[in-house]
Amino acid sequence: RQARRFVDYLLTENSPAVEALARDMLELKRQANQCTSCYRFFIKSNGAAELVCNTCTNKNRDHSLLMVVEKDKDLEVVERSGYYGGLFFVLGGLLPILEESPAEKIRSRELVRRLEESESKVKVKEVIIALSANNEGDNTSDYLNQLLTPFKATGLKVTVLGRGLSTGTELEYSDEETIKNALKNRA
């Protein structure tokens with residue numbers, strides 16, 4: 001319905017306004033980049049050669065903590081809580097219960113590669129799985145726990161957010177206090 005309303009708006013708007021919107025969208029597409037480390041979208045600052053966002057290069061963040069989230073919006077919600085100071089990894093989706101090829105649906109290979117690369121840099125000591133508290137989030141969490149089993153043998157701690165989040169809740173709609181409590185009570 002929302003898409004239909006947007007199309008109706010564009011059809012009734014005057015041509016200069018629609019053309020300006022189209023130019024702005026193209027400019028955003030040109031400026032936006034995806035971080036090669038965490039996979040979030042960001043606007044690259046002028047002169048920056050590497051496609052790594054400011055969060056991943058921030059020396060003041062705890063590089064031994066890695067939070068796995070579904071999408072950029074979830075990352076932003078956690079950041080707004082002001083309670084988490086580690087790094088992020090955007091998974092890019094969740095796994096349906098009967099998914100036959102999970103590696104094609106989410107960035108699981110990229111997550112493994114990120115953890116392997118951390119062995120030679122600042123080693124990741126804890127991965128916090130911060131996914132929506134619903135069936136797909138739980139299924140994805142179970143899959144990631146199995147995927148990360150070899151890393152657990154080397155001392156990696158894998159935790160999930162505490163159930164301060166209601167079942168069926170989308171992470172992006174959670175308030176800062178709920179995120180704070182879920183992080184504090186993770187298991």
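This is a predicted model: local features need pLDDT of at least 70, side-chain atom pairs count only at pLDDT 80 or more; totals for chains, interfaces and linings use all residues.
Let's start with the strands. Four of them make up an open sheet, and reading across it the order is E4-E3-E5-E6, with parallel pairing. At the edges sit strand E4 (86-90) and strand E6 (157-160), each of which pairs on one side only. Going from one strand to the next, the twist averages 25°.

What joins strand E5 to E6? Strand E5 (residues 126-129) pairs with E6 in the parallel sense, over four bridges. If you want a spot to look at, take Glu 126: its bridge partner in E6 is Lys 157.

Helix H4 (residues 72-81) lies across strand E3 (62-69) and E4, and it runs at about 160° to E4.

**The cysteines**

How many disulfides does a search of the whole structure find? The count is zero. Cys 35 is in no disulfide, and its nearest cysteine sulfur, that of Cys 38, is 3.8 Å away. The sulfur of Cys 38, in turn, has its closest cysteine sulfur in Cys 56, at 3.7 Å.

| Residue | Relative accessible area | Class |
|---|---|---|
| Ala 32 | 26% | partly exposed |

**Ala 32 in strand E1**

Ala 32 belongs to strand E1 (residues 32-34). Its relative accessible area is 26%, so Ala 32 counts as partly exposed, a class that lies between the under 20% of buried and the over 50% of exposed. Which residues does Ala 32 touch, leaving aside those up to four places away in sequence? They are Phe 42 and Ile 43. Lys 44 is twelve residues from Ala 32 along the chain, and the C-alpha atoms of the two are separated by 6.9 Å.

**The cavity**

The structure holds one cavity of 30 Å³ or more, and the volume of the largest cavity is about 40 Å³. Which residues line the largest cavity? Leu 115, Ser 118, Glu 119, Lys 123, Val 124, Phe 151, Thr 154 and Leu 156 do.

Technical notes:
Residues are numbered from 1 along each chain as its sequence is written. Side-chain values use heavy atoms; hydrogens and water are left out. Two strands pair if DSSP finds at least two bridges between them. Helices (H or I, at least four residues) and strands (E, at least two) are DSSP runs, numbered from the N terminus. Axes are lines fitted to C-alpha atoms, for helices over the stretch in contact, and angles run from 0 to 180 degrees between N-to-C directions. Contact means heavy atoms within 4.5 Å. A disulfide is a pair of cysteine sulfur atoms within 2.5 Å. On a 1 Å grid over the protein atoms alone, a cavity is a set of points where a 1.4 Å probe fits but cannot get out, and a pocket is an open set with protein on both sides within 12 Å along at least five of seven lines; lining residues have an atom within 4 Å of a point. Grid points are joined across faces, edges and corners, and a volume is the space filled by probe spheres set on the points. Buried means under 20% relative accessible area, exposed over 50%, partly exposed in between (1.4 Å probe, protein chains only).
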